Amino acid sequence: MAKTSNQKAKILYLMRLFQEETDEEHPLSRRALEERLADIGIHAERKSLYNDIETLKTFGMDIEYRKEQPEGYYLAGREFELAELKLLVDAVQSSRFITQKKSDSLIKKIEKLTDRHEARQLQRQVVVADRIKAMNESIYYNVDKLHAAITGNRQIVFRYFEWTVSKEIRLKKGGENYRVSPWALTWDNENYYLIGYDMDAGILKHFRVDRMLHIGILDIEREGREEFSRFDLARYTRQTFGMFGGNEQMVRLRFHNKYVGVVIDRFGKNVPLRPDGDDHFIARVNVAVSEQFYGWLTGLGRDAQILSPEAVVKEYRDLLKDLGEMYEK
C-alpha cells in the first residue's frame, strides 16, 4: 500500500495496534506507537498521535495510560473479558458435536477478540476423558439452516442415516426424503436434536442433527403448530433418556439420600420428593420408560429401586433376568 494511502488510514492502523498488541501488562509508549506505525510506512507526529488517541477515546475505545513501568497506552476495556473468552474456548473444545477441524477454526476466531498476549492463554486443551468429536462436518451448517427454516416458518426436506456394523452410512426409508416442519432445536446428551412435525407420520418426532443430510428449505409454511403448542420441550428432555422414546408413565422410585443431587439434575428442582426413613427418599417422576431409562437406573446400583407401577417393576425385573442369563451362557 502506498505511503499516502497508509497515512489516510493511520487512525485505523492505530486502532488495530491497540486491539491486537496492548493490554494492562503490555502497554505501548508514544515512541513505540510511532515506531510500529513507521514500520508500515506511516509517519506520525507527536501532536497528531495524541489527537488520534483522543479521537479513538471519543469513538468509544477505553484507552488508558499507565504511568508505572512498563509505561504507555493500552486498551483497558474490551467486548469480552478474558475469563469469558476462556469459557467460550473451553465450550468449543469440549463440545462433542463440533468436529476437530471446526473447533480449531472457531478457537482461532475467538483468539482475535483479544490481544496477542492474552490470546496465548486461550491456546489450551480441555482434558475430557475419551472425548470423541463429531465426524459429520456439515452439522455446523445444518444447525444454521434449521434455524433459518424455523425463523422463516418453512418446511424442510432431508435424508436421514444410521451407521452399519461395517462403519458405513445407510440411508433410512430406503433413501427417500423426510419432509418435516421444524419447530425447535434441543441439546441433549451432547447432541443436537431437531423437534419437528413429520408430514408423513402426522406426529412430532426428534432427529439427530448430525445424521441429517442434504437439508433443503421448502417454500411451504410449516404444519403441526397446534401439536407443538401442546409440547413441553423441557419436560420432554427431562423424561426422555438419551432421546430414546418410550411409553410415558408416572413412576415411583426409591433412592438413597446420596443420590438426591443426581435426581434433581435429571428431573429438575420441581420433582416431588419425600423422605422414606433416615437414609432414603421417594421420587415421583414422569419418564419415557425404555431400556435407556433402565440402564440409567442400573448405573446407580443397589441404592435405586422402582416401587411402582407393577408393570414397570416386572419389565425391569425381566430385563435384568434376561441379561443375567445371557452372561451365564
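**Close-up 1. A salt bridge between Arg254 and Asp276.** We start with Arg254, which counts as partly exposed because its relative accessibility is 24%. In this predicted model, the side chain of Arg254 meets that of Asp276 in a salt bridge, with an N to O distance of 2.5 Å. The pair links distant parts of the chain: Arg254 belongs to strand E9, while Asp276 is in the loop between strand E10 (273–275) and E11, 22 residues apart. Asp276 has a relative accessible area of 26%, so this residue is partly exposed too.

**Close-up 2. The stacked rings of Phe255 and Phe281.** Over the whole structure, a search turns up 15 aromatic pairs. In the pair shown here, the ring centres of Phe255 and Phe281 are 5.5 Å apart and the planes meet at 25°, so the two rings count as stacked. Phe255 comes from strand E9 (residues 247–256) and Phe281 from strand E11 (residues 280–289), so the pair ties together parts of the chain that are 26 residues apart in sequence. How accessible is Phe255, buried or exposed? With 0% relative accessibility, Phe255 counts as buried. Phe281 is likewise counted as buried, at 5% relative accessibility.

**Close-up 3. Strand E3 and its pairing partners E8, E5 and E4.** Follow strand E3 (residues 154–163) and you will meet several antiparallel neighbours in turn. Five bridges join E3 to strand E8 (residues 212–221), and Arg154 stands opposite Glu221 there. With strand E5 (residues 178–188), E3 pairs over three bridges; look for Val157, whose bridge partner in E5 is Arg179. Three bridges also connect E3 with strand E4 (residues 169–171), where Glu162 has Arg170 as its bridge partner.

**Close-up 4. An aromatic cluster, and charges over rings.** Phe158, Tyr160, Tyr178 and Phe207 make up one aromatic cluster. One of these rings, that of Tyr178, has Lys173 over its face, at 4.4 Å from the ring centre. For another charge over a ring, turn to Trp183: the charged end of Arg222 sits over the Trp183 ring, 3.7 Å from its centre.

Close-up 5. The structure has 18 salt bridges by the rule used here. Lys314 and Asp318 both lie in helix H13, four residues apart, which is about one turn of the helix. Lys314 is partly exposed because its relative accessible area is 44%, and Asp318 counts as partly exposed at 30% relative accessibility.

**Close-up 6. A nonpolar surface patch around Leu320.** Our last stop is on the surface, where Leu320, Leu323, Met326 and Tyr327 form a nonpolar patch. Together these residues have about 440 Å² of accessible area. Where does Leu320 sit? Leu320 is found in helix H13 (residues 310–328). Its relative accessibility is 38%, so Leu320 counts as partly exposed.

Technical notes
Residues are numbered from 1 along each chain as its sequence is written. This is a predicted model: local features need pLDDT of at least 70, side-chain atom pairs count only at pLDDT 80 or more; totals for chains, interfaces and linings use all residues. Side-chain values use heavy atoms; hydrogens and water are left out. Patches are made of residues with over 30% relative accessible area and no salt bridge: like charges are joined within 9 Å, nonpolar side chains (Val, Leu, Ile, Met, Phe, Trp, Tyr) within 5 Å. Accessible areas come from the Shrake-Rupley method with a 1.4 Å probe; for residues, only the protein chains shown count as cover. A salt bridge is a side-chain nitrogen of Lys or Arg within 4 Å of a carboxyl oxygen of Asp or Glu. Helices (H or I, at least four residues) and strands (E, at least two) are DSSP runs, numbered from the N terminus. Buried means under 20% relative accessible area, exposed over 50%, partly exposed in between (1.4 Å probe, protein chains only). Two strands pair if DSSP finds at least two bridges between them. Rings of Phe, Tyr and Trp (its six-membered ring) pair if their centres lie within 6.5 Å; planes under 30 degrees apart count as stacked, over 60 as edge-to-face and the rest as tilted. A charge sits over a ring if NZ of Lys or CZ of Arg is within 6 Å of the ring centre and within 35 degrees of the ring normal.
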